[in-house]
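I'm opening my notebook on this one and jotting things down as I look them up. Here is what I had on screen.

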Amino acid sequence: MTLEILRDILIPFAGTSLGAAMVFFLKGEMPQRLQRVLIGFAAGVMVAASFWSLLAPALEQSQDMGNLAFAPAAIGFLLGMGFLLLLDTCTPHEHMDGMEEGPKSGLRKTTKLVLAVTIHNIPEGMAVGVVMAAFLQGTAGIGAASAAALALGIAIQNFPEGAIVSMPLRAEGMGKGKTFALGVMSGAVEPIAALLTIAFSSAVVPAMPYLLSFAAGAMFYVVVEELIPEMSEGEHSNLATIAFALGFVLMMALDVALG
């Protein structure tokens, strides 16, 4: 594996870590307005990345199927949604707004919060991994710049995620060092998921459209199930909607300009 590929795999993880480091610079709990804006921005980036970096290449690679060219993307997308639904249902975790989901357990609130963000990060790591695999195999028309654009876009949206997981824990009285470590840990799953996806996909080149759209479906699940409801609750939802649009446009611009 080249240093360039390793760099792109670690960029999203760096975004989460930098966000978690905000616990050293911000005092108290994150203002609700800022949290809504950051969540909206992250959702916009993920939606744009899901289409421009994942679904579009999947559809392009399936063009030789004629009228059924949509089938691999549709099947992979639904499987990705189903996978995250299963993971979301079976894993005890707590949303940023305090709502608890998953099976009942004796886990502490802080552990459930970290698990929630970790679940969010799995499809993002898979998305980077499958795009890197497509680039390495020369399939789906994905170049080095396009793969780097996806990694950078996910890193940008990971920055608020890292802050959103560490700041509430700090507000509850947990030490800065521990909250930072938990924020970093929540993002550590991304490079692991990316490496596993690369290793798996290298053996199944014909399945690349399914894998690309699988990652897109998993990311869409996070946006629809988690981010959009959280950005729309209470006050300042209009600011979150504007941030969503800005995040979408930024990610689209990165993918088109660098791809």
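Predicted model: local features only at pLDDT ≥ 70, side-chain atom pairs only at ≥ 80, totals over all residues.

**Notebook: surface, pairs and a buried serine**

I looked up Phe25 to begin with, and it counts as exposed, because its relative accessibility is 62% and the cut-off for exposed is over 50%.

Where does Phe25 sit? I found Phe25 in the loop between helix H1 (3-20) and helix H2 (32-61). Then I checked for a nonpolar surface patch and got one of about 390 Å², made by Phe24, Phe25, Leu26 and Leu34. So Phe25, exposed at 62%, is one of the residues that make this patch.

**Salt bridges**

How many salt bridges does a search of the whole structure find? I got 1. The side chains of Arg7 and Asp8 form a salt bridge, with N to O at 3.0 Å.

**Aromatic pairs**

Next I looked for rings that pair up, and the structure holds 4 aromatic pairs. One of them is Phe51 with Trp52: the ring centres are 5.2 Å apart and the planes stand at 85°, so I noted edge-to-face. The cut-off I needed here is that planes over 60 degrees apart count as edge-to-face. Phe51 is partly exposed at 38% relative accessibility, and Trp52 is partly exposed too, with 29%.

I also wrote down Phe77 and Phe220, whose ring centres lie 5.4 Å apart with planes at 65°, so this pair is edge-to-face as well.

**Ser53**

Last entry: Ser53, which I found in helix H2. Buried or exposed? Ser53 counts as buried, because its relative accessibility is 3%.

What does the side chain of Ser53 make a polar contact with? My note says the side chain of Asp255, at 2.6 Å. Leaving out residues up to four places away in sequence, I listed what Ser53 touches: Ala48, Val131, Ile142, Leu150, Leu212, Met251 and Asp255. Asp255 therefore turns up in my notes on Ser53 both as a polar contact and in the list of residues touched by Ser53, which is buried at 3%.

Technical notes: Residues numbered from 1 in each chain as written. Heavy atoms only, no water. Salt bridge = Lys/Arg side-chain N within 4 Å of Asp/Glu carboxyl O. Phe/Tyr/Trp six-rings, centres within 6.5 Å; stacked < 30°, edge-to-face > 60°. Buried < 20%, exposed > 50% of the residue type's maximum accessible area, 1.4 Å probe, protein only. Patch = residues over 30% accessible without salt bridge, like charges linked within 9 Å, V, L, I, M, F, W, Y side chains within 5 Å. Areas by Shrake-Rupley, 256 points an atom, 1.4 Å probe, with all protein chains shown as cover. Helix = DSSP H or I, 4+ residues; strand = E, 2+ residues; numbered from the N terminus. Polar contact = N/O pair within 3.5 Å; in protein donor to acceptor, adjacent residues only side chain to side chain. Contact = heavy atoms within 4.5 Å.
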